[in-house]
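I opened this entry to look through a new structure. My notes follow in the order I looked things up.

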Amino acid sequence: MSQYGIQSMLKEGHKHLSGLDEAVVKNIEACKQLSTIIRTSLGPNGMNKMVINHLDKLFVTNDGATIVNELEVQHPAAKLLVLAGKAQQEEIGDGANLTISFAGELLSHAEELIRMGLHPSEIISGYTKAIKKTIEILEELVEEGSETMDVRNKEQVVKRMKAPVASKQFGQEEILSSLVADACIQVCPKNPANFNVDNVRVAKFLGGGLHNCTVVRGMALKTDAVGSIKKMQKAKVAVFAGGVDTSATETKGTVLIHTAEQLENYSKTEEAKVEELIKAVADSGAKVIVSGAAVGEMALHFCERYKLMVLKISSKFELRRFCRTVGAVAMLKLCQPNPDDLGYVDSVSVEEIAGVRVTIVKNEEGGNSVSTVLLRASTDSILDDLERAVDDGVNTYKAMCMDSRIVPGAAATEIELARRVKEFSFKETGLDQYAIAKFAQSFEMVPKTLAENAGLNSMEIISSLYAEHAAGKTKVGIDLEGGLCKDVSTLQVWDLHVTKFFALKYAADAACTVLRVDQIIMAKPAGGPRRGDQPAGMDED
């Protein structure tokens, strides 16, 4: 059977969608669906989503980045929004939710314009002008005096960190942000721009409540010490990556033993050899031995005899972090360590937290490079959510080390942007002005969603916000607890300028990319196993 047109050109089984109705509007539909899912979990009163991924793991969270990571989004256009959200998460670590919901809002307004008869390219040019203008206005809204900041001053850090943490764990932001601020300030290097997010670790323990959370300078290992010595103060540490055991020789050898004495001496020499090795380590001044693999029975016996504490860290990554904490160099085989290779700890002790044995390694002085937040909560999913809140806090700290400028939070910035961009659209001639006006209207999504998620009347709130801002009070936002409009400087709700800047920029870029598509051509999917499936048994690192 002969086929005509595009059918004859492509292989059978492909799909081809073109034109406004089929391609553009369908793409916009898919993106709107995604942003509707994400939108309801925006802000402090955001709803939680229950996502069960393909491995049957349950996530209960309102963190936009986690939700889109776990939803396996198939539609190519919606994938673009997911990528924008991921970019935001990588770049700043907060605001992925705003990025996706704002992009969805821009696209649904674009759909209205297309139905009115505007061409997508006009909408794109309007949106591009609008985002340029938005970024100019954002610069003007920055709070005075916030560009200089002491990143080691806890009060200033908490002030900037409260908003991102509150959006994950509303009502507990005070406790959490002060914990995270402590942890971050402890590991902040001389030049804050080099702050490494990986240096703040999170250890999660079931049981207890938020008020039991603490910050440890150093590391918390979820293993018990091997052997009977459980405590050490001010000790030197030797780290062996290959395990503490007698090493078997590479070559095979046969030993002929004629008499009983030779047999006795044979096993004695093995003992003597192990003892010699352990003694060499003990003589170098090390009091704690950390092994990256198994610890042999006999080696352990001699460690006990020489009063050495033995820890076992099986994960390679943990071992690296441990070396960073104590400033040690991991040695490959059991031998006498150089004095330079030894690390130092203030105290190593095994403590029991909620029935779990935990080895806590503290390193108070030496330019401490790792700190750990010990989180306590009643269920696993709450713990995971707390961990995400801590992650956001730490990422925000990193962002504020680079650029500490802040803008008013609680939708005050968005309403002001909406008002100013709307004014800007009246000055434009040509068809762009419709697109710019719609761009301005899209900003209303933020106060509207915040109000709806808190169960307030969104129309009333938006109109009273506009009224306040028209009167020149640019810092008026929503007080979610009171359900009123208030000056955010009294509420102390601030957002980082970088977070807003990138979120709006990525959202506008993603929306324009989706609008630029006019045809979708999909080949027939290949059979065989799906790409991107992790083999079973892979761990998180």
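Which residue forms a salt bridge with aspartate 198? I found arginine 201, with the closest N and O atoms 2.9 Å apart. For a salt bridge I took a side-chain nitrogen of Lys or Arg within 4 Å of a carboxyl oxygen of Asp or Glu. Aspartate 198 counts as partly exposed because its relative accessibility is 32%. My cut-offs are under 20% relative accessible area for buried, over 50% for exposed and partly exposed in between, with a 1.4 Å probe and protein chains only.

**Ground rules.** I am working on a predicted model, where local features need pLDDT of at least 70, side-chain atom pairs count only at pLDDT 80 or more, and totals for chains, interfaces and linings use all residues. Residues are numbered from 1 along each chain as its sequence is written, and side-chain values use heavy atoms, with hydrogens and water left out.

**The whole chain.** I noted 18 helices and 17 strands. These are DSSP runs numbered from the N terminus: helices are H or I with at least four residues, strands are E with at least two. The C-alpha trace spans about 105 × 75 × 40 Å along its principal axes. Of the 541 residues in the chain, 48% are buried. The accessible surface comes to about 26,800 Å², and carbon and sulfur atoms hold 52% of that. Accessible areas come from the Shrake-Rupley method with a 1.4 Å probe; for residues, only the protein chains shown count as cover.

I searched the whole structure and got 36 salt bridges. One of them joins lysine 168 and aspartate 94, at 4.0 Å from N to O. This pair links distant parts of the chain, 74 residues apart: lysine 168 is in helix 7 (residues 154–168), and aspartate 94 is in the loop between helix 4 (76–91) and helix 5 (96–116). Both lysine 168 and aspartate 94 are buried.

Next I looked up lysine 500. Its salt bridge goes to glutamate 414, with the closest N and O atoms 3.2 Å apart. Lysine 500 sits in helix 18 (residues 497–516) and glutamate 414 in helix 13 (residues 412–427), 86 residues apart. Are these two buried or exposed? Lysine 500 is buried, because its relative accessible area is 7%. Glutamate 414 is also buried, with 3%. I also noted a salt-bridge network that links Glu140, Glu416, Arg419, Arg420 and Glu423.

**Cores.** A nonpolar core here is a set of buried Ala, Val, Leu, Ile, Met, Phe, Trp, Tyr and Cys residues joined through side-chain atoms within 4.5 Å. The largest has 105 residues, and those that touch the most other members are Ile123, Tyr127, Leu176, Tyr397, Phe439 and Leu515. Helix 18 gives the most to this core, twelve residues. I followed leucine 515 and found that it touches, among others, Val24, Leu107, Ile123 and Tyr127, leaving out residues up to four places away in sequence. Contact means heavy atoms within 4.5 Å. A second, separate core has 23 residues, including Ile229, Val288, Val290 and Val361.

**Strands.** Two strands pair if DSSP finds at least two bridges between them. Strand 5 (residues 214–221) runs antiparallel to strand 12 (residues 371–377), joined by four bridges. Valine 215 stands opposite valine 373 there. Strand 5 also pairs with strand 11 (residues 356–362), again antiparallel and over four bridges. Methionine 219 has valine 361 as its bridge partner in strand 11.

Strand 2 (residues 49–52) and strand 3 run antiparallel with four bridges. Isoleucine 52 stands opposite leucine 58.

**Positive phi.** Five residues lie between the strands in the hairpin of strand 2 and strand 3, and aspartate 56 there takes a positive phi near 70°. Aspartate 56 is exposed, with a relative accessible area of 66%. Alanine 411 also has phi near 70°. Alanine 411 lies in the loop between strand 13 (406–408) and helix 13. It counts as buried because its relative accessible area is 4%.
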